[in-house]
Amino acid sequence: GTPREITWGEIRLPVTKLTAVRREDSAYRIEVGPRTIFEVETPGATLALCFQHRSRRWTVNGVDDEVGLS
């Protein structure tokens, strides 16, 4: 699946556009596992989200901050 909403503390941002998907299957050691990077647009911010397949966790790897998320 793809992300549809980002929750950042008290802030909830709907994903308005998926701009890129990059699957990184062989770039990491076996204990780290593969990951998929999603570049998404939300109202006021562009985010780079990472899904780590082995741990099934989401992280935010980059932010083009237009709405003061920090």
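The legends below describe close-up views of a predicted model.

Residues are numbered from 1 along each chain as its sequence is written, and side-chain values use heavy atoms, without hydrogens or water. Local features need pLDDT of at least 70 and side-chain atom pairs count only at pLDDT 80 or more, while totals for chains, interfaces and linings use all residues.

**View A. The largest nonpolar core has 7 residues.** Its members are Ile6, Phe38, Val40, Ala45, Leu47, Leu49 and Phe51; such a core joins buried Ala, Val, Leu, Ile, Met, Phe, Trp, Tyr and Cys residues through side-chain atoms within 4.5 Å. Strands are DSSP runs of E, at least two residues long, numbered from the N terminus.

View B. Apart from neighbours within four places in sequence, Ile6 is in contact (heavy atoms within 4.5 Å) with Ile11, Arg12, Leu13, Val15, Val40, Thr42, Leu47 and Leu49.

**View C. Arg35 in strand β4.** Arg35 is buried, at 19% relative accessible area (buried is under 20%, exposed over 50%, partly exposed in between; 1.4 Å probe, protein chains only). Its side chain makes a polar contact with the side chain of Glu24 at 2.5 Å; for such side-chain pairs, N or O atoms lie within 3.5 Å, one able to donate a hydrogen and the other to accept it.

**View D. Val60 in strand β6 (residues 57-65).** Val60 is partly exposed, with a relative accessible area of 37%.

Notes. Helix = DSSP H or I, 4+ residues; strand = E, 2+ residues; numbered from the N terminus.
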